[in-house]
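The sequence and the model come first, and the description follows.

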Amino acid sequence: MATVQTDQVTLTIDGQSVTVPKGTLILDAAKAINIDIPIFCSHPKMAPVAVCRMCLVEVEKMPKLQPACAVYVAEGMVVKTTTEQVAKYQKGVLEFLLINHPLDCPICDKGGECPLQDQTFQYGPGASRFEFQKAHFDKGVPLSDKIVLDRERCILCWRCTRFSEEISGERELALIQRGVHTIIGTFNDEPAQSNYQGNWTEICPVGALTSRQYRFVSRPWDLDRTASVCPGCSMGCNIQLDARSNKIGRFQSRENLAVDDGWLCDTGRYSFPNFQRLTQDRPQIRRDGRLERVTYDEVIAFTADALKASGQLAGWVSPAASNEELFLFQRLFREVLASPNLDHRSAVLEDAEPDDMTLPIADIEHCDQVVVLGGQDVIDAAPVLHLRLFKSQRKGVNVLKVGAADVKKALDAVPAEAQGVGILATEANKKAAVELQGKLQKKVKGSVRRLIVTTGPNGRGAKDLGILPHRGPGYVSLNGKSGKGRVEWPGAGVKALYVHESSPLHGFVPTDAESMWLSALPLVVFHRFKPSPLDEVAHVIIPGHAFTEKDGTVTSMEGRVQRIRKGIDAAWVREDWRVFQEIANHLGADWEYESVEAITGDLVRALPPYRAVNEGARVLWSESR
Amino acid sequence: MGLKPVLTKDFHTENLEQLSVYERTGGYAGFKKALEMQPDELVELVKKSGLRGRGGAGFPTGNKWSFLPKGVYPRYLVCNADESEPGCFKDRYLIEKSPHQVLEGILIASYAIGCNLAFIYIRGEYLPQHEALESAIEEARQAGYLGKNVLGKGYEIDVILHRGAGAYICGEETALLTSLEGYRGEPRLKPPFPAIKGLYGKPTVVNNVETVANLPHIVINGADWFGAMGTPTGKGTRVWCMSGHVNRPGNYELENGTPIRELIEEHGGGVWKNRKLKAFQPGGASMMVLLPEHLDVGLDFDAIQKAGSLAGAGAMVVMDETTCMVDAARRYVKFFHHESCGKCTPCREGTFWMSNLFDRFEAGEAKATDVDLLLDIGYSIDGRSFCPLGDASTWFPRSVIKFFRDEFLEHVSEKGCPFKKMAQEAVA
């Protein structure tokens, strides 16, 4: 039986009938039936402003053309987007936008992926009738150390200023002057401080806001684009790695509403130069105090034999290794080398457990109270969280930022009638977070969940897969067979250390005590992506792949397993997992992995919750128990 | 028809700006009477009177008041005293001569709509008028017309006086509200209309100075008295600001419907220097030009609209036969170009382009095709802009092209302004 749905509206656009929920903009209703209405100022995550006037369409019974980006649908509305009037006007508004635009497309970074350029081709006039001196403005204005602004290219769509107000809440960018003299800028021309400036360049519909790092680097059509995950932190923001001639040009956002909401932070976005390979280095073995170049086969045989012979062993993997690498590394240590001394951490932390991620990132918006324990520390550890928190605040969520020690303050501030409480904290403050969670669970009616921000793009994976001295894969207890953690190694008689590092952002940085110990160690195997100070004390150097050079999966702080893909081809470097396998096989194992996928398959068999990898979903430990 | 001083009736009285003098002429009797009535009765009274807003759009005042959503408080009244339309100077006159009349109107309107805090947004350049209002507010406060408990009737009202900072756009009601809140003066997206979501997001009524100045008289004399004046759709009187090439420029309060001829020829003393009338512009800088053949049109919203222009904010700019219409249009276009807030593309870029084109006519470098180019630019601005500022920037120049296309072409063929040449030859 047909039911009347009062929350649905049926209208006609260009002769096609479409039914959409009440409160839908004409623009979105048109999009639903693949009718493309050109826009510049409109942005799905920002309130409509209707300033560019590009999207004007005919609506029957309305005397004037209406902005599709700002007018909501109504029952029986008849919209026309391709009439002569609309087409003539579209030519007119594009001619307007271009009279003061420098048309320097041949030297503009945006050329080739520029909405103004594209829409001029599609809807604009072939030639301009404007025969006067254009209004001139400053070009190449440094807005900050990250962004350069070309005020002549700007078409004043307000997207960047609205981002600054509505998305990041920092209100750093503003409109200055008026009329044709209007410019965007910061207060007193002071350098912008925001950690989200890179997003301005992405939402800019022209080449006005450009990333300093990407200026004049490439034409968009020369880029090889690879879908991957940001190596910056444990947030797991999705990126598109754009490379030109096998060199990274930039990281762009790749919207995943559940994770990043389409945004990146500058810490992550502009971290890519760290992954630039400077030299084609080769495996090396220290002989008579000097590092000598050897082949991979030599280094693998030497390493395997040396590890086997060295007695007490320890292995450290950076929290930027892929799950597949982590899986094999712990197998190599536990099964082949019979050493339980595994770690990925830099300090002693509270025990890791699946309960650390009961609050998914996207659910922050659906809490009514969110406690950010440690305040700015949490934001610094996963900067895009700030955007989610600000969005939540705008939706009415009470976000409480307190010091890491302010458990009591937070406890008092959360009302007993709270329906859903979220707690965010860094690994270092986990103890306080657990304490607060326990107390709140007794106080409030609703659920209390926590999300612990891990370290590194795969810190969560390292815990899940047991790169810990006291936990095996899946957080299983080792029942008395626990090894020692990193901070204990210098005092525990460890004689040989294997360090695997695939990101300089999360590398093995020795403490003073460790430095002393390291320089006296009989064997240091350093399996890393590019030369680093640790080379000095290494006896064996095995070149490996950077985070950006490998295929695999990583697990974000909320337990989401996502694929990373090879964006840069460093073919002369043997895959890290293959090196682990060959060391193992040299020592008598019979591993026969032929691809990363084969390891992923084995990993899922060993750890069924990791089947989440197939959907890029979160690992749900509780369901499997 | 003809002169009908209602608002300006006592303007000859000396020291009318003082409370005691204003009260002697019957001042604040309207407010006192209003306080005896129910707010709803007042709204009905004003609706019945047929009073239409004097700021330009001519929207029925009572209807505007009744759009406020029931039960949503606080709500605000904002008096728009940002008179910045070139050619208009009536609000300035009304405030200067009788600030208490304006204030009394504000108090009546506030009481009628249930507002406890009203604002006056006054044009920044109107410093003496600002001072006049400031002392009027202070006097009224001392006398108990403003305060927590007005005249012991339990009504609370205060008035905040705010000076603008010199932007034409802030006369547009939503830009005015944005400016009043402390932001850049830029128009807001409508809907929501100010009646639903106005100042600080609260229900708000924005009324012009002359509109509120009518209220004390309507309350005292009744809707029928008011309705007996003027035309069926344009009741009452209006203060017309006459300027330009007339012998006696100034403000004239006339009953609505009075022929334009009477205003210019009788009250204005006709065109100056014994010259002939070439054109005139009612309403202000925005409005379309009219010709001598329109002299018998009545001064009334609908009649002027029927003739092809708009009554707007009550200006009457008279142009004699020596006026270069291209130059007149150029000056107005330059004004709009200068005042465009820059928010929307058509107004920001279109006024810039038109301004350049008009300069080219003036410099004698224009092409014959530039006339149609101007019309084409107008097509992409009018009705496409974010607010009426952009739309209005095209009305006068396009009406001039309609009636005086030959003058544009003369500028082209003579490579310059023929009127300037004539003037120079006359001097030589």
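In this predicted model, Val239(B) stands opposite Glu253(B), a residue of strand β9(B). Strands β8(B) and β9(B) run antiparallel and are joined by six bridges. Both belong to an open sheet of four strands in chain B, with the order β9-β8-β11-β10 and mixed pairing. The edges of this sheet are β9 and β10 (277–282) of chain B; each has a single partner strand, so one side of each is left without a neighbour in the sheet. From one strand to the next, the twist averages 25 degrees.

Chain A also has an open sheet of four strands, here in the order β19-β18-β20-β21 and with parallel pairing. Because β19 (398–402) and β21 (447–453) of chain A stand at the edges with a single partner strand each, one side of each is left without a neighbour in the sheet. Neighbouring strands are turned by 15 degrees against each other on average, direction ignored. Within this sheet, strand β20 (residues 420–426) of chain A pairs with β21(A) in the parallel sense over seven bridges. Gly422(A) has Arg449(A) of β21(A) opposite to it.

| Chain | Domain | Residues |
|---|---|---|
| Chain A | domain 1 | 8–82 |
| Chain A | domain 2 | 105–113 + 132–275 |
| Chain A | domain 3 | 284–346 + 458–624 |
| Chain A | domain 4 | 354–453 |
| Chain B | domain 1 | 19–228 |
| Chain B | domain 2 | 234–320 |
| Chain B | domain 3 | 325–427 |

In chain A, the C-alpha centres of domain 3 and domain 4 are separated by 33 Å. Seven residues from domain 3 of chain A and eight residues from domain 4 of chain A make up their contact. On the side of domain 3 of chain A, the classes are three nonpolar, two polar and two charged residues.

In chain B, the C-alpha centres of domain 2 and domain 3 lie 23 Å apart. Here nine residues of domain 2 of chain B are in contact with ten residues of domain 3 of chain B. The side of domain 2 of chain B has seven nonpolar, two polar and no charged residues.

The two chains also touch each other. Their contact takes 27 residues from chain A and 23 residues from chain B. On the side of chain A, helix α2 (residues 84–99) of chain A gives the largest share, six residues. By class, this side of chain A has 19 nonpolar, four polar and four charged residues.

The interior of chain B can be followed from one helix. Helix α5 (residues 90–97) of chain B has seven of its eight residues buried, so it is largely enclosed by the rest of the structure. Charged residues such as Lys90(B), Asp91(B), Arg92(B) and Lys97(B) are among the buried ones, together with Tyr93(B), Leu94(B) and Ile95(B). The elements of chain B against which the buried residues of α5(B) pack are β1 (76–81), α6 (99–113), α7 (127–142), α9 (209–227), β8 (237–244) and β9 (250–255).

The largest nonpolar core has 304 residues, and those with the most contacts inside it are Val78(B) and Ile106(B). Helix α6(B) gives the most to this core, with nine residues. Not counting residues up to four places away in sequence, Ile106(B) touches Leu77(B), Cys79(B), Ala118(B), Ile120(B), Val159(B) and Val212(B).

Key. Residues numbered from 1 in each chain as written. Chains lettered and ligands numbered in written order. Predicted model: local features only at pLDDT ≥ 70, side-chain atom pairs only at ≥ 80, totals over all residues. Domains from an automatic or database assignment. Contact = placed C-beta atoms within 7 Å. Helix = DSSP H or I, 4+ residues; strand = E, 2+ residues; numbered from the N terminus. Buried ≥ 20, exposed ≤ 12 C-beta atoms within 10 Å, placed from the backbone. Pairing = 2+ DSSP bridges. Axes fitted to C-alpha atoms, helices over the stretch in contact; angles between N-to-C directions. Core = buried A, V, L, I, M, F, W, Y, C linked by C-beta atoms within 7 Å.
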